[in-house]
Amino acid sequence: MRRKASLILLALAVFCTTMSPLMRWYAFPRLAKIPAGQYQTAVLEAKNPTLLDYGTMQAKKVSKVSIVQTLKGNVEASNEVEKTAGRDVVVWDSLSYVVGPDGKMVSQVPERYVFDAHSQAPVHTTGKYAETVDGDPVKREGIEFKWPFLTEKRDYEYYDAQARVTRPIHYKGTQTFRGVKVYYFEQTIPWMKVPLPKTMPVKGITPESVAKTGTTRWYTTVRKFWVEPVTGAPVYGEEIQHNELRGGTLLGGRDRVTVFQGHVKMREDYIKSTVALVKANRGLVVLLTSTLPWGFLIAGALLLALSLWLEARSRRPGEPEAAPTHEPEPVTA
């Protein structure tokens, strides 16, 4: 009986030990992915920024500028792209909607971001669901919006949608943000000439009409992210941004005019909701990458030890058997 139980425990030990690396290196890369239909909204604010009044073409201080950023998963587009890509793909339709202190639109820039659901690497596709910024086709390199699962302490290539370039975003250290361990990343985009938004706040002013005057738009920013490393999700972000119009006849002889200058930060209520969401998702990733693999490994070791103990017990010499007793045979004369 002990021998049979020992063999059963040994088989279970082998199963658990095998499941440990399979869970971490086979199951996790396939199960951990961004859902295709995810929807997320964030509101960022710049307090007391400088903003251009297009009516007078004068820059002035205002009380507040808000940026409403939405990310909406396009399930139909994901399914179509997956047919040709041969892998799990997510398509995000994003919109950055900038509102002035009077509640009126300052600018809006839509994006379509196509990426691998597991690694967050860009997926380049053509046709109806190709990646775009403000309606223009682009070819992203590097990450945007989200870091990979199990983010590392290193620099990454990050795509800047305004400048439409990819530049390094540097790992600057490990911190604690609202009780969450995070990696702090920072990217600086130097002054660059960038396209004007196609949707402008004043009728009659378009990128084409501005281009005819010889005036160009320039942009620089310092981008900061605090990223939860297990999920790769930013829990907080800031930008110190400066936009200018330079040269041409539109400025009335001036060399440059500030379009926007301010320190953009995530609004407090959205910080709380983002931190709560990241904490909830973190538990699922930890389960696949740590809890289950280590649990299987420890269980396998315990089962193996118990199997060997039972095997040793079954091989131990038993107590000496008592001599059999026989009934006395009758004596015949």
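Asp136 is partly exposed, with a relative accessible area of 24%, where partly exposed lies between buried (under 20% relative accessible area) and exposed (over 50%), for a 1.4 Å probe and protein chains only. The model is a predicted one, in which local features need pLDDT of at least 70 and side-chain atom pairs count only at pLDDT 80 or more, while totals for chains, interfaces and linings use all residues. Residues are numbered from 1 along each chain as its sequence is written, and side-chain values use heavy atoms, with hydrogens and water left out.

Asp136 takes part in a salt bridge with Lys198, the closest N and O atoms being 2.7 Å apart; a salt bridge here is a side-chain nitrogen of Lys or Arg within 4 Å of a carboxyl oxygen of Asp or Glu. This pair links distant parts of the chain, with Asp136 in strand S8 and Lys198 in the loop between strand S11 (180–194) and helix H3 (207–212), 62 residues apart. Helices (H or I, at least four residues) and strands (E, at least two) are DSSP runs, numbered from the N terminus. Lys198 is partly exposed, with a relative accessible area of 42%.

Asp136 also meets Arg164 in a salt bridge (3.0 Å, N to O). Arg164 lies in the loop between S9 and strand S10 (165–177) and Asp136 in strand S8, so the pair ties together parts that are 28 residues apart in sequence.

The structure holds 20 salt bridges, and one of them joins Glu111 to Arg140, with the closest N and O atoms 2.7 Å apart. Because Glu111 lies in strand S6 and Arg140 in the loop between strand S8 (136–137) and strand S9 (156–160), this pair ties together parts that are 29 residues apart in sequence. Both Glu111 and Arg140 are buried.

Lys224, found in strand S12 (residues 216–228), is buried yet has no salt bridge, and the nearest side chain of opposite charge, Glu238, is 4.4 Å away. Leaving aside neighbours within four places in sequence, Lys224 is in contact (heavy atoms within 4.5 Å) with residues including Tyr184, Glu186 and Glu238.

The second largest pocket is lined by 15 residues, of which Leu51, Leu52, Asp53, Asp102 and Val106 lie nearest its centre. On a 1 Å grid over the protein atoms alone, a pocket is an open set of points where a 1.4 Å probe fits, with protein on both sides within 12 Å along at least five of seven lines, and lining residues have an atom within 4 Å of a point. Strand S2 gives the most to this lining, with 3 residues.

Technical notes. Lys and Arg count as positive and Asp and Glu as negative; His and the chain ends are not counted.
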